[in-house]
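Me: I would like to go through this model and ask what lies behind each label. Please set each value against its cut-off.

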Amino acid sequence: MIGTIEEAAAVEQLGRMMLGAMERGRALHLATARRLRREARAAAVWRGHTLGRFSPLLPSTGRGGYSEATCTACGAWLRIETAPAPNSIDVSGEAVAVSCTGRAS
Ligand SMILES: [Zn+2]
């Protein structure tokens, strides 16, 4: 229970600060996702893939988000992670590791 006007104002200010930090964190992840999608798409195209649309940025098990796309010709996938775990990487998947076969395997 909040007693005074001052306490209520302090709680409200704390809430605004937390929301601001969340917004900044989210903006950072969105900017990272944009960069990683661009890099991952270039790597996949270099391997001959025809990459479909990326999924929206979804919350991952860690702090950031992930997004996935697949090759429309062979079905190879790739995934980007805005805040990969220490034992993980930010771009992964068949589409950046092997060349396009042009057909689903
Ligand atoms: Zn392919």
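Me: How do you know that β1 and β2 pair, and in which direction do they run?

Reply: Two bridges join β1 to β2. Strands pair if DSSP finds at least two bridges between them, so β1 and β2 qualify, and they run antiparallel. Pro 59 has Gly 65 in β2 as its bridge partner. A caution: this is a predicted model, where local features need pLDDT of at least 70 and side-chain atom pairs count only at pLDDT 80 or more, while totals for chains, interfaces and linings use all residues. Residues are numbered from 1 along each chain as its sequence is written.

Me: What makes β1 and β4 edge strands?

Reply: The open sheet has four strands in the order β1-β2-β3-β4, with antiparallel pairing. β1 (58-59) and β4 each pair on one side only.

Me: What counts as a helix or a strand here, and how many are there?

Reply: Both are DSSP runs numbered from the N terminus: helices are H or I with at least four residues, strands are E with at least two. The protein has two helices and four strands. Their order from the N terminus is α-β-β-β-β-α.

Me: Why is α1 said to lie largely in the open?

Reply: A residue is buried if 20 or more other C-beta atoms lie within 10 Å of its own, exposed if 12 or fewer, and partly exposed in between; C-beta atoms are placed from the backbone. Of the 42 residues of α1, four are buried, so the helix lies largely in the open. The buried ones are Ala 33, Leu 36, Ala 40 and Ala 44.

Me: What is Ala 44 in contact with, beyond its neighbours within four places in sequence?

Reply: Contact means C-beta atoms, placed from the backbone, within 7 Å. Ala 44 is in contact with His 49, Leu 51, Cys 71, Leu 78, Ala 95 and Val 96.

Definitions and conventions:
Two residues are in contact if their C-beta atoms, placed from the backbone, lie within 7 Å.
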